[in-house]
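Welcome! Here is a short briefing to read alongside the sequence and the 3D view.

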Amino acid sequence: CDSSGKITGMWQESYGTGGIGAGAGVPLPYVYQIPKGAYYKKHGHVRINAGSARAQRAPGHPQAAFGMDIIVDQLAYKAGIDPIEFRIINDPNETRQRQYRIGAERIGWGEKFNKVPGAGAGNKKRGVGVGVGRWGGGGARSTKVTVEVFPDGLVTATTGSQDLGTGVRTMIHQITADALGIPMKLVTPRVGRSTYPFSTASGGSITTGSVTPAVVNTCDGGRRQLYEK
């Protein structure tokens, strides 16, 4: 980086393993901005005699955040710039820039950073630190939902998304009741069968963002049809 704290270039050599059947990519340089043409990347996938890795949470992102934040901290110390200010300088995302400042204020960063009494005494070290993570997700427009309103007032909401234990069924239950303005006890959510209307897969942080708008839109349409009748 230069004397102002602006990152001017990056050289990356990394390795990772996803077992025998998968790679282990890391999305570097992560959230920080590197000038175009000033970034060299070499990443190797190491195959080992173990089962293929499975996603637990944000594949590749914890590793990228951990590695990148260590480098960024070292750069900030070398440049003599507060680590939070250093991140604000090099992270162009306006939302995260506000989040850095809010977080720093709430934990008293200005009073605590490098100023904690006894920080270097003995084997236990005390202090404050900063790190940043992000994830994609969002939603897709391909989800289909069927909402049926029966003469006795009962309602079913049906879509093909499966519930992996993350609460998709509960989400559909709550949103259907709210969109129709009825008690949840009148609603039966149905999910997870190939005979149900097509929906996106449950994973990648896209399920709620995909299913929710479809449920609301379908409920709105069903309510209009009911009023017309």
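Two strands count as paired if DSSP finds at least two bridges between them. Helices (H or I, at least four residues) and strands (E, at least two) are DSSP runs, numbered from the N terminus. This is a predicted model, in which local features need pLDDT of at least 70, side-chain atom pairs count only at pLDDT 80 or more, and totals for chains, interfaces and linings use all residues. Residues are numbered from 1 along each chain as its sequence is written, and side-chain values use heavy atoms, leaving out hydrogens and water.

**Strand β4 and its neighbours**

- Five bridges link β4 to strand β5 (residues 187-191), and the two run parallel.
- Thr-158 has Arg-190 as its bridge partner in β5.
- To get from β4 to β5, the chain passes through helix α5 (residues 168-180), making a right-handed β-α-β crossover; right-handed means that, with the strands pointing away from the viewer, the path from the first strand over the helix to the second runs clockwise.
- Strand β3 (residues 146-149) is antiparallel to β4 and joined to it by four bridges.
- β3 and β4 form a hairpin with five residues between them, and Gly-153 in the turn has a positive phi of about 95 degrees.

**How enclosed β4 is**

- Five of the five residues of β4 (residues 155-159) are buried, so the strand is largely enclosed by the rest of the structure; buried means under 20% relative accessible area, exposed over 50%, and partly exposed in between (1.4 Å probe, protein chains only).
- In a regular strand the side chains alternate between the two faces of the sheet.
- Both faces of β4 are covered, with Val-155, Ala-157 and Thr-159 buried on one side and Thr-156 and Thr-158 buried on the other.

**A closer look at Thr-156**

- Thr-156 is buried, with a relative accessible area of 12%.
- Its bridge partner is Glu-148.
- Leaving aside residues up to four places away in sequence, Thr-156 touches Thr-146, Val-147, Glu-148, Phe-150, Thr-188 and Arg-190, where contact means heavy atoms within 4.5 Å.

**Helix α3**

- In α3 (residues 94-107), Arg-96, Gln-97, Tyr-100 and Ala-104 are buried.
- These residues cover an arc of only 110 degrees around the axis, which puts them on the same side of α3; the arc is that of the directions from the helix axis to the C-beta atoms.
- Glu-94, Glu-105 and Arg-106, on the other side of α3, are exposed.
- The cover over the buried residues of α3 includes α2 (83-90) and α4 (109-112).
- Just after α3, Gly-108 takes a positive phi of about 70 degrees.

Conventions
Expected span 1.5 Å × (residues − 1).
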